[in-house]
Amino acid sequence: MRNFDLHCHSSTSDGVLSPQALVTRAAEKGVDVLALTDHDDIGGLNEAEQTAIKQGIELVRGVEVSVTWNGVTIHVVGLRIDSENSHLLRGLESIQQGRQLRAERISHELEKSGIKGALEGARMYAHNPRLIGRTHFARYLVETGVVKDVRTVFKHYLVKGRAGYVEHQWTTLENAVGWIHASGGQAVLAHPGRYDLKTGKLKRLLADFKELGGDGIEVVTGSHTHQHNARFAVLAGEFDLLASRGSDFHAPGEGGRELGGGPALPDSVTPIWHNWGIN
Ligand code: AMP
Ligand code: MN
Ligand code: MN
Ligand code: MN
């Protein structure tokens with residue numbers, strides 16, 4: 001069976017590997033079909049595709065769109081998008097602008113806690129000046145010795161109730177699904193186990209997503225336990241959603257799952273790739 005990894009990040013967003021290095025590593029790890037899904041930016045796709053051709057693996061053009069739904073931050077992955085579609089590009093640009101303003105606010109909040117120069121520090125880690133995120137701040141906090149590793153940063157900083165946290169309004173679920181569909185792609189709810197929602201609200205999210213035309217949910221992803229995998233396989237069936245599989249790989253040695261890693265999708269679900277002609 002072919003190894004599908006339909007969620008990962010390059011230095012175009014908050015991964016550390018260039019698209020070329022990322023795709024090369026994926027091929028080495030045995031991935032057959034890789035979707036590059038950088039946060040809110042598609043700038044890495046051409047380089048990734050060129051490398052995939054050389055490496056003899058399949059590259060799926062993807063993106064991970066940041067959304068606010070009922071006050072909760074949600075991520076929606078777009079797969080097989082047309083990365084030149086103007087609706088999608090304009091939408092992503094608006095999110096990128098929001099990220100710049102948020103970064104200034106994050107830096108200001110950190111300064112209040114005595115951490116200086118965080119904006120400049122984070123920018124040093126953001127290879128793509130259009131795209132700055134919390135992970136870049138996290139790497140700066142590790143570099144300056146404030147925290148021992150990136151994982152620990154997200155326990156004590158940059159999250160609700162902690163230093164460096166700011167509220168932010170991302171785009172709507174409707175926009176995210178709309179832009180992805182306008183560009184011919186499939187919309188997949190990313191890592192549903194990570195949102196920490198009670199069952200009622202989670203089911204409302206799945207119902208809203210389905211109603212807006214959402215296509216699938218990630219059943220197997222780096223942040224899911226075996227229990228999550230089983231639970232979301234059942235929910236995929238209940239809400240008539242296709243199932244996706246991805247590592248959400250960001251960086252070697254930062255924790256998280258390796259490219260191509262994790263179990264296969266359970267037999268009970270229909271893979272998002274069932275009609276791609278490449279299974
Ligand atoms: P942002 O979209 O800028 O708010 O950043 C979100 C990113 O932060 C995620 O995509 C992860 O890369 C990273 N992140 C969030 N929570 C954690 C965590 N607990 N451990 C490690 N990375 C995290
Ligand atoms: Mn990330
Ligand atoms: Mn995500
Ligand atoms: Mn991701």
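T68 sits in strand β3, which spans residues 58-69. The model is predicted.

**Exercise 1.** Decide whether T68 is buried or exposed, and find which backbone nitrogen its side chain reaches.

*Solution.* 
- Step 1. Take the relative accessible area of T68, which is 12%.
- Step 2. Apply the cut-off: buried means under 20%. T68 is therefore buried.
- Step 3. Follow the side chain of T68. The backbone nitrogen of W170 lies at 2.8 Å from it.
- Step 4. List the contacts, leaving out residues up to four places away in sequence. T68 touches H168, Q169, W170, T171, T172 and L173.

**Exercise 2.** Work out which residues coordinate the manganese ion (ligand 3), and which parts of the chain E64 and H191 tie together.

*Solution.* 
- Step 1. Identify the donors. E64 gives OE, H75 gives ND1 and H191 gives NE2, at 2.1 to 2.2 Å.
- Step 2. Read the spacing along the chain: E-x10-H-x115-H.
- Step 3. E64 lies in strand β3, and H191 in the loop between β5 (186-189) and α8 (199-211), so the pair ties together parts 127 residues apart in sequence.
- Step 4. Check burial. E64 has a relative accessible area of 0% and is buried. H191, at 1%, is buried too.
- Step 5. Look to the neighbouring metal. The manganese ion (ligand 2) is 5.7 Å from the manganese ion (ligand 3).

**Exercise 3.** Find the protein donors of the manganese ion (ligand 4) and their spacing along the chain.

*Solution.* 
- Step 1. Collect the donors: H7 (NE2), H9 (NE2), E64 (OE) and D248 (OD), at 2.1 to 2.2 Å.
- Step 2. Write the spacing: H-x1-H-x54-E-x183-D.
- Step 3. Check H7 and H9. Both are buried.
- Step 4. Compare the donor lists. E64 coordinates the manganese ion (ligand 4) and also the manganese ion (ligand 3).

**Exercise 4.** Describe the largest pocket: its volume, its lining and the elements that supply it.

*Solution.* 
- Step 1. State the volume: about 1,600 Å³.
- Step 2. Count the lining. It has 47 residues, with H75, R134, F154, V159 and R194 nearest the centre.
- Step 3. Sort the lining by type: 14 nonpolar, 18 polar and 15 charged.
- Step 4. Assign elements. β3, β4 (72-79), α3 (86-112), α5 (134-143) and α6 (150-156) each supply at least two lining residues.
- Step 5. Link back to the metal. H75, one of the residues nearest the pocket centre, is also a donor to the manganese ion (ligand 3).

Conventions. Residues numbered from 1 in each chain as written. Chains lettered and ligands numbered in written order. Predicted model: local features only at pLDDT ≥ 70, side-chain atom pairs only at ≥ 80, totals over all residues. Heavy atoms only, no water. Helix = DSSP H or I, 4+ residues; strand = E, 2+ residues; numbered from the N terminus. Buried < 20%, exposed > 50% of the residue type's maximum accessible area, 1.4 Å probe, protein only. Polar contact = N/O pair within 3.5 Å; in protein donor to acceptor, adjacent residues only side chain to side chain. Contact = heavy atoms within 4.5 Å. Donors = N, O, S within 2.8 Å, 3.2 Å for Na, K, Ca; no water. 1 Å grid on protein atoms, 1.4 Å probe; cavity = no way out; pocket = protein on both sides within 12 Å on 5 of 7 lines; lining within 4 Å. Points joined across faces, edges and corners; volume = space filled by probe spheres on them. Nonpolar A, V, L, I, M, F, W, Y, C, P; charged D, E, K, R; others polar.
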